[in-house]
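Thanks for making the time this morning. Please have a look at the sequence and the structure on the screen, and then I will walk you through a few places in it.

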Amino acid sequence: IKKLTDPQQIASAQRLILSVYCNELNWHPKPDNPSNLTIENDRLIDDYDRDSLSIWYGAFDQEKDSASIVAAGRVLHPDKNGLLELARYNIPSGLKQALKKNSRIVEINRSAVKKEYRQSNIWASLLHAGFKYGFQQEFDIMASTAIKKVQAMHQAIGFPSTSYTVNYDNSDKIKSQVYWAKYEDLEGVIKKLEEIKLKNLP
């Protein structure tokens, strides 16, 4: 896992997100979505990418092709209005107020792993990179998901869930659970992820 700084590698990460989210899971962004999330040049990108507010991480299979990305995810900082992506949506007023009061928080989202690598430790390694970044910078970390497998992982690593749920779109059948780890929680989460990584080593 490494931080992606090369524009071509970031583009590869965004193409992987498009492949998994849109082609595999058959999810497509609505034209009027608050993130201005669109498909451009076979990439799924939004305002946080356009404004360089995203920090991308990726994993590569060195045995096959050093340029072939097999997993990717990002950490994003608030936009010029102080909003994380989650806060652009119709979130509960209590969560909105809590976010306004906290200027040291980042959001983890847009992660994907190629199907043939999903039984490996890559996902834990990807999360580890994001949480370690937050810990080093002394940030809180937020995330949200409606996917049960992701929620199970969050529970396993001690990523605290909140009482808040969010519908990103009125057509969503399942609400997304919101997770929020305070800075003081991060060291414990990182240790759990390191244990998972070691258990899954071949």
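I would like to begin with a single side chain, that of Glu85, which makes a polar contact with the side chain of Asn109 at 2.6 Å. Please keep in mind throughout that this is a predicted model. Glu85 sits in the loop between strand 5 (69-76) and helix 3 (93-100), and its relative accessibility is 4%, so Glu85 counts as buried, the cut-off being under 20%. Leaving aside residues up to four places away in sequence, Glu85 touches Ser35, Asp46, Tyr48, Arg74, Leu76, Glu107, Asn109 and Arg110.

Let me turn now to strand 9. How many of the residues of strand 9 are buried? The count is 6 of the 6, in residues 176-181, and therefore strand 9 is largely enclosed by the rest of the structure. In a regular strand, side chains alternate between the two faces of the sheet. Here both faces are covered, with Ser176, Val178 and Trp180 buried on one side and Gln177, Tyr179 and Ala181 buried on the other.

As for its partners, strand 9 runs antiparallel to strand 7, joined by 5 bridges, and Ala181 is the bridge partner of Ile141. Strand 9 also pairs in the antiparallel sense with strand 8 (residues 161-166), over 3 bridges, where Ser176 is the bridge partner of Val166.

Finally, the largest pocket holds about 1,700 Å³ of space. It is lined by 50 residues, and the closest to its centre are Tyr21, Leu25, Thr145, Ala146 and Ile147. Strand 6 gives the largest share of that lining, 7 residues, and the lining as a whole divides into 25 nonpolar, 14 polar and 11 charged residues.

Conventions. Residues are numbered from 1 along each chain as its sequence is written. This is a predicted model: local features need pLDDT of at least 70, side-chain atom pairs count only at pLDDT 80 or more; totals for chains, interfaces and linings use all residues. Side-chain values use heavy atoms; hydrogens and water are left out. Helices (H or I, at least four residues) and strands (E, at least two) are DSSP runs, numbered from the N terminus. Buried means under 20% relative accessible area, exposed over 50%, partly exposed in between (1.4 Å probe, protein chains only). A polar contact is a pair of N or O atoms within 3.5 Å; within protein, one must be able to donate a hydrogen and the other to accept it, and residues adjacent in sequence count only if both atoms are side-chain atoms. Contact means heavy atoms within 4.5 Å. On a 1 Å grid over the protein atoms alone, a cavity is a set of points where a 1.4 Å probe fits but cannot get out, and a pocket is an open set with protein on both sides within 12 Å along at least five of seven lines; lining residues have an atom within 4 Å of a point. Grid points are joined across faces, edges and corners, and a volume is the space filled by probe spheres set on the points. Ala, Val, Leu, Ile, Met, Phe, Trp, Tyr, Cys and Pro count as nonpolar, Asp, Glu, Lys and Arg as charged, and the others, Gly among them, as polar. Two strands pair if DSSP finds at least two bridges between them.
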